[in-house]
Amino acid sequence: MSLYTITDAQLAFGHVALLDHADFSLEAGERVGLIGRNGAGKSSLLKIVADLMKPDDGLVTRQQNLSTVYVPQEPEFDADASVFDTVAAGLTAARTLLGEYDVVAHQLADTPEGAQHDALLARMNALQSALDAIDAWNWRNRVATTLAQLNLAGDARVGALSGGMQKRVALARALVVQPDVLLLDEPTNHLDFDGIRWLEDLLVTQRAGLFFITHDRAFLDRVATRIVELDRGRLLSYPGNFSAYQTRKAQQLEVERVENDKFDKLLAQEEVWIRKGVEARRTRSVGRIARLVEMRQQREERRNVQGNVKLDVAQGEKSGKIVAELTDVTKRYGARTVVDRFSTTVMRGDKIGFVGPNGAGKTTLLKLILGALAPDEGKIRVGTNLQVAYFDQMRAQLDQDKSLADTISPGSDWVEINGAKKHVMSYLGDFLFAPERARSPVKSLSGGERNRLLLARLFARPANVLVLDEPTNDLDIPTLELLEELLADYDGTVLLVSHDRAFLDNVVTSVIAAEGEGRWREYVGGFTDWQVQRERSLQIAAAQTEVRDAPKDASPKESAAGRNAQRTVKLSFKEQRELEALPGQIASLEAEQKSIGAQLEDGSIFAKDAQEGARLSERYAAIDDELMAALERWEELESKRK
């Protein structure tokens with residue numbers, strides 16, 4: 001049985017139908033990714049499932065006592081509250097019941113036997129059953145356990161946390177409820193690569209049903225067991241992850257195109273027939289005329305696929321062959337070194353991605369390369385004839401009170417793209433802004449629309465160096481894919497900061513990565529290539545450290561004898577046997593956890609057998625504790641042996 005079902009739902013804002021007789025259902029254990037164009041109504045649908053909104057029409061069915069928790073795109077917190085209290089706020093209902101239980105218990109103790117005493121006793125029994133059902137008695141332990149799982153300090157002040165850590169707090173507040181369905185709106189916003197990987201691992205092992213909105217294609221591939229697309233008011237379901245969706249969607253659009261072409265051809269033939277002369281009109285068929293009227297109505301009601309953004313960069317003159325050359329550059333802020341003795345050469349046509357955790361200094365390094373920031377030490381040589389176009393992730397370049405047209409082309413109705421003049425209305429239309437919105441202020445736009453406007457403004461200016469600081473935030477998937485194509489074909493230099501792994505893989509030819517304590521290193525290839533090379537470097541470094549730290553004994557025989565003597569003295573027979581068995585035990589636990597993780601990641605186990613899915617989730621978490629205990633014991637016995 002479905003946890004949640006929407007049947008024939010309708011929802012409209014103004015003349016735009018966001019849901020047009022749409023159907024949707026969510027099964028136990030499913031992880032459903034919701035995708036669609038900006039403004040299609042995804043967040044509205046998520047709020048309907050969260051019971052924060054109602055559709056204009058349609059039937060909504062929820063399983064009895066279904067628990068849902070909604071985590072918005074930008075959670076709001078009391079900045080002065082502690083992390084513990086903020087997470088515990090998710091259990092407000094349970095704590096309210098506990099408070100009422102205490103009040104009733106005191107009243108019961110002071111009330112003599114009689115009708116009032118019986119009423120209080122009945123209420124107390126009802127409260128006890130409710131508290132048992134939601135396991136509210138040990139709410140403090142639940143909060144503490146959740147904080148430990150998400151690596152959060154309970155006594156920290158929420159206002160002092162970074163955006164990524166605040167996102168963890170929001171997730172902790174949701175997970176402590178232990179909901180049946182978890183609803184997430186853009187969960188990867190503000191998270192760096194490590195944070196996104198952590199979130200993926202967390203979600204694939206949760207037994208709760210998951211319904212989430214994201215434009216991160218790699219995240220969809222890893223987490224989703226089904227893709228639901230909100231397309232022209234209808235909800236279309238595609239089993240599998242995002243890669244499977246792309247194949248099926250392409251096939252569906254081709255079938256739709258062929259059917260529409262056939263329909264339009266037949267309609268054109270019927271329109272010719274109805275307009276024939278007097279002789280033809282004498283033999284008109286009443287049924288044929290009725291069919292024509294019906295076809296006209298169908299054609300009028302058809303909602304065609306929304307056109308995609310038309311991107312074209314105004315190319316500037318070629319820059320010099322060398323865009324920037326950095327030699328032993330160091331930059332500090334107070335006692336913190338952001339860039340430590342970094343050297344690189346950026347050539348014309350390079351497409352470089354900058355990766356690293358939030359706060360590592362990616363934007364600082366960009367400004368050093370462009371010559372906008374002076375180094376504390378080292379030398380920077382900036383190339384000649386640079387025309388830089390800068391995309392700012394904070395959208396600070398946008399004046400909120402200016403109209404869209406004035407933002408693109410102040411004081412003129414024309415823009416010039418690669419030598420050809422284009423009217424500003426037509427140019428805005430290329431970025432999916434209707435003509436009637438051209439005079440609207442920037443502050444009336446959504447986040448995704450502001451990013452599109454910033455791209456329109458950026459590409460309207462001649463440039464040979466594009467600097468893009470988180471350009472993918474709030475952009476829908478079709479626009480992302482088009483931007484990838486444009487940057488891949490762009491002749492100039494691209495300097496890109498992004499946490500979108502698929503976008504980096506598809507655009508950049510090299511990666512400059514933060515490696516901690518101000519160290520930066522350049523790798524050839526995209527994001528995946530960087531991960532492979534970094535892992536290999538870490539393995540080589542670890543092997544070299546082991547060789548360097550290994551004790552240098554005078555004689556192999558003597559050292560072996562010495563170790564055996566120590567082992568005989570310091571380890572009992574039982575401990576020796578335990579030490580020999582531990583590697584096999586750890587390997588067995590890791591293999592079991594990997595097998596369970598694969599089943600949980602698939603998600604189908606919850607639909608087939610919800611109890612087995614819950615058992616596997618609990619076992620997966622228990623293995624973590626067993627592994628930690630085994631590793632600690634191994635380390636203890638090894639240090640005793642040595």
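**Exercises on a predicted model**

The largest cavity is lined by Leu182, Leu203, Gln206, Ala208, Gly209 and Leu210. Here a cavity is a set of points, on a 1 Å grid over the protein atoms alone, where a 1.4 Å probe fits but cannot get out, and lining residues have an atom within 4 Å of a point. The model is predicted: local features need pLDDT of at least 70, side-chain atom pairs count only at pLDDT 80 or more, and totals for chains, interfaces and linings use all residues. Residues are numbered from 1 along each chain as its sequence is written, and side-chain values use heavy atoms, with hydrogens and water left out.

**Exercise 1.** Describe the largest cavity by volume and by the classes of its lining.

*Solution.* Step 1: a search of the whole structure finds one cavity of 30 Å³ or more. Step 2: the volume of the largest cavity is about 30 Å³, where a volume is the space filled by probe spheres set on the points, and grid points are joined across faces, edges and corners. Step 3: its lining comprises four nonpolar, two polar and no charged residues. In this scheme Ala, Val, Leu, Ile, Met, Phe, Trp, Tyr, Cys and Pro count as nonpolar, Asp, Glu, Lys and Arg as charged, and the others, Gly among them, as polar.

**Exercise 2.** State the strand order of the six-strand sheet and name its edges.

*Solution.* Step 1: the order in this open sheet is S5-S6-S7-S3-S8-S9, with mixed pairing; strands (E, at least two residues) and helices (H or I, at least four) are DSSP runs, numbered from the N terminus, and two strands pair if DSSP finds at least two bridges between them. Step 2: strand S5 (68–71) and strand S9 (234–239) are the edge strands, each pairing on one side only. Step 3: strand S6 (residues 181–185) and strand S7 (residues 209–213) run parallel and are joined by five bridges; Leu183 has Phe211 in S7 as its bridge partner.

**Exercise 3.** Identify the elements with the lowest and the highest mean pLDDT.

*Solution.* Step 1: pLDDT is the predictor's confidence in each residue, from 0 to 100; its mean for the protein chain is 81, and 87% of the residues reach 70 or more. Step 2: helix H19 (residues 556–570) has the lowest mean among the elements (47), and strand S12 (residues 351–355) the highest (94).

Methods. On a 1 Å grid over the protein atoms alone, a cavity is a set of points where a 1.4 Å probe fits but cannot get out, and a pocket is an open set with protein on both sides within 12 Å along at least five of seven lines; lining residues have an atom within 4 Å of a point.
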